[in-house]
Number of protein chains: 2
Amino acid sequence: MPKIVDHDRRRDELADTALAIIARSGIRAVTTRSVAEESGWSTGVLAHYFTSSKDLLVASLRRAAEIQGRVLQRYRDQTGSPLDALHGILESLLPFDERRLALSRVFLHFYAESTADDKIHDEISEYADNLRRVVRRSIVAAQDQGQVPTDLDIDAVTVDLVAAIDGLSVHALLDPAIMETLRKRPHLPEDLTGYILRPLQGGD
Amino acid sequence: MPKIVDHDRRRDELADTALAIIARSGIRAVTTRSVAEESGWSTGVLAHYFTSSKDLLVASLRRAAEIQGRVLQRYRDQTGSPLDALHGILESLLPFDERRLALSRVFLHFYAESTADDKIHDEISEYADNLRRVVRRSIVAAQDQGQVPTDLDIDAVTVDLVAAIDGLSVHALLDPAIMETLRKRPHLPEDLTGYILRPLQGGD
């Protein structure tokens, strides 16, 4: 009997290998050769799925987004405190473990790439829109439960929060001191995502 | 008499040309040929200063940072309201005109590059550190004048504000709708940089 190959599954497996390489050694370390070596598949098998490093990176982006999508889904489905969910959503994007390090790195790479590649641009924009939708929904739910003031400009807060988290991820990738600062904030979810952007007030 | 060439000045001129190209057409449009054409110098003259597009981009990064440094210096030297200065500093980083569009694009490019190039990494980190110092100083001055509450965690606010602005720039580059949103916020400095990150409060 011929062996039945689940191509989608193998493709995911190879993208996962690429993400592990990105977390460990960065974007540039992803090549069809390095992924073949690490996954145990021959470069011949690999060539069936990916013809270049760029191909592999795009697959890694999609795989990272898919996994992140599942994380977001869990927060959407939970019935607990919407504010805790918001905390969780934002923290799920900071590069504090291997999954999130790969996610942040691959997204930073494609943020830069998106300026020169329309297809990537549209894909990245969609991920960002989706994230904003999920964040916005949590803020509204938190308002409904009296956890967040109702006089917020929700759209502005959503844009600002998602931007702040993306910016913090980039700075943490860039600077180990920032990474440490973010990690050390006691009760990180409370401290980090427990921030919203509010007008500066006078000091009286 | 031999013509005296001010090489530093010409180098700046060529980097300015590259920045204009970046603002108009993006990072990928910068080549020794395109800069030669736009500046009116021959590729032969250009080759005296820059041997590759990467060279040109690094020069553009430094030139953009130098010009931004002068903008920051003006805010440091001004004797008016520190809070207005903080507004100005943060707004000077959003991609709302040609200078800032080139600045944001070239920084995003090198944020991504910095993960694979130690020299670029150190340079980019230094720019970010410097920006944080300037922002921090404005917050402290605003506190001294009673414009900002004194019970802030200044370091956290500084990290968050600079990250938020960087994130907003990236999202504005990516998404014209976000760019419009940021532009349309009435009294932008009041609205955008008039935000600090504050703990979420209960809605009661």
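**Notebook: aromatic rings and the charges over them**

A:F107, A:Y111 and A:Y127 form one aromatic cluster. I note at the outset that the model is predicted.

**Entry: ring pairs.** I searched the whole structure and found six aromatic pairs over all chains. I looked up B:Y49 and B:F50 next. Their ring centres are 6.5 Å apart and their planes meet at 45 degrees, so I logged the pair as tilted. The reasoning rests on the cut-offs: planes under 30 degrees apart would be stacked, and over 60 edge-to-face.

**Entry: burial of that pair.** Are B:Y49 and B:F50 buried or exposed? I read 7% relative accessibility for B:Y49, so I put it down as buried. B:F50 has 2% relative accessibility and therefore also counts as buried. The limit for buried is under 20%.

**Entry: a helix pair in chain B.** I then turned to B:F107 and B:Y111. Their ring centres lie 6.2 Å apart with the planes at 65 degrees, so this pair is edge-to-face. Where do B:F107 and B:Y111 lie? I placed both in helix α6 of chain B, which covers residues 98-113. They are four residues apart there, about one turn of the helix. I checked accessibility as well: B:F107 and B:Y111 are both buried.

**Entry: charges over rings.** Which ring does the charged end of A:R10 sit over? I found the ring of A:W41, with the charged end 3.8 Å from its centre. I looked in chain B too. B:R10 lies over the face of B:W41, and I noted 3.9 Å to the ring centre.

Technical notes
Residues numbered from 1 in each chain as written. Chains lettered and ligands numbered in written order. Predicted model: local features only at pLDDT ≥ 70, side-chain atom pairs only at ≥ 80, totals over all residues. Heavy atoms only, no water. Buried < 20%, exposed > 50% of the residue type's maximum accessible area, 1.4 Å probe, protein only. Helix = DSSP H or I, 4+ residues; strand = E, 2+ residues; numbered from the N terminus. Lys NZ or Arg CZ within 6 Å of the ring centre and 35° of its normal.
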